[in-house]
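Student: I've got this model open and would like a close look at one part of it. Could you walk me through how the helices pack there?

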Amino acid sequence: MNINPKTNIKGEPITLEDRFLTAREVAEICGMSRATIYRAMERNQFTLQHQITEGRVGWLKSDIEEYMRVGFRNFILLYGEKIKQQRIDNKAAIAQANAA
């Protein structure tokens with residue numbers, strides 16, 4: 001999950017025109033099962049979710065559009081390291097919040 005949901009995968013601020021998609025919507029758009037999406041996320045090969053509320057997460061439509069625009073291989077080349085760093089930052093933020 002992306003702890004700081006203020007920007008999309010390209011680092012652009014989230015606008016009011018951008019909306020969150022459910023796992024079902026993402027799977028339909030990308031032509032993958034939800035399980036495949038979660039496995040790809042674990043391998044830093046798919047954009048991370050954003051925390052919407054305490055019990056709800058979603059993907060930004062613009063992130064999914066970018067994934068579809070550039071394709072799987074290019075997405076990993078362009079954003080794989082960024083996603084990996086987001087995952088590290090998220091784990092640190094969660095650990096810090098739990099320690100407080």
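Let's start from one side chain: is Arg34 buried, partly exposed or exposed, and why?

Tutor: Keep in mind that this is a predicted model. Arg34 is partly exposed, because its relative accessible area is 44%, and buried would need under 20% while exposed would need over 50%. You'll find Arg34 in helix 2, which runs over residues 34-42. Leaving out neighbours within four places in sequence, Arg34 is in contact with Ala23, Arg24 and Ala27. Take Arg24: it sits 10 residues from Arg34 in sequence, and the two C-alpha atoms are 6.9 Å apart in space.

On the helix 1 side the contact uses Ala23, Arg24, Val26 and Ala27, and on the helix 2 side Arg34, Ile37 and Tyr38. Sorted by class, this contact has 5 nonpolar residues, 2 charged ones and no polar ones.

Now turn to the other partner of helix 1. Helix 1 covers residues 23-30 and helix 3 covers residues 61-70; their axes come within 11 Å and cross at roughly 20°. An angle under 35 degrees counts as roughly parallel, so helix 1 and helix 3 are roughly parallel to each other. The crossing of helix 1 past helix 3 is right-handed. Val26, Ile29 and Cys30 come from helix 1, and they meet Ile64, Tyr67 and Met68 of helix 3. In this contact there are 6 nonpolar residues, with no polar and no charged ones.

Ile64 is worth a click. Not counting residues up to four places away in sequence, Ile64 touches Leu21, Val26, Ile29, Cys30, Phe46, Thr47 and Trp59. Ile64 also belongs to the largest nonpolar core, which has 19 residues; Val26, Cys30, Ile37, Phe46, Trp59, Ile64 and Phe75 have the most contacts inside it. Helix 1, helix 2, helix 3 and helix 4 (72-99) each supply at least two residues of this core. Helix 1 gives the largest share, 4 residues. As a general point, nonpolar side chains in soluble globular proteins tend to be buried together.

Stay with helix 3 for a moment. Its buried residues are Ser62, Asp63, Ile64, Glu66, Tyr67 and Val70. What covers them includes strand 1 (20-21), helix 1, strand 2 (50-53), strand 3 (56-60) and helix 4.

Setting aside residues up to four places away in sequence, Lys61 touches Asp18, Arg19 and Leu21. Thr22 is 39 residues from Lys61 in sequence, with 9.7 Å between their C-alpha atoms.

So, back to where you began: Arg34 is partly exposed, and it takes part in the contact between helix 1 and helix 2.

Note on methods
Residues are numbered from 1 along each chain as its sequence is written. This is a predicted model: local features need pLDDT of at least 70, side-chain atom pairs count only at pLDDT 80 or more; totals for chains, interfaces and linings use all residues. Side-chain values use heavy atoms; hydrogens and water are left out. Axes are lines fitted to C-alpha atoms, for helices over the stretch in contact, and angles run from 0 to 180 degrees between N-to-C directions. Angles under 35 degrees count as roughly parallel, over 145 as roughly antiparallel, 65 to 115 as roughly perpendicular and the rest as oblique. A crossing is left-handed if the near helix is turned anticlockwise from the far one by less than a right angle, and right-handed if clockwise. Contact means heavy atoms within 4.5 Å. Ala, Val, Leu, Ile, Met, Phe, Trp, Tyr, Cys and Pro count as nonpolar, Asp, Glu, Lys and Arg as charged, and the others, Gly among them, as polar. A nonpolar core is a set of buried Ala, Val, Leu, Ile, Met, Phe, Trp, Tyr and Cys residues joined through side-chain atoms within 4.5 Å. Buried means under 20% relative accessible area, exposed over 50%, partly exposed in between (1.4 Å probe, protein chains only).
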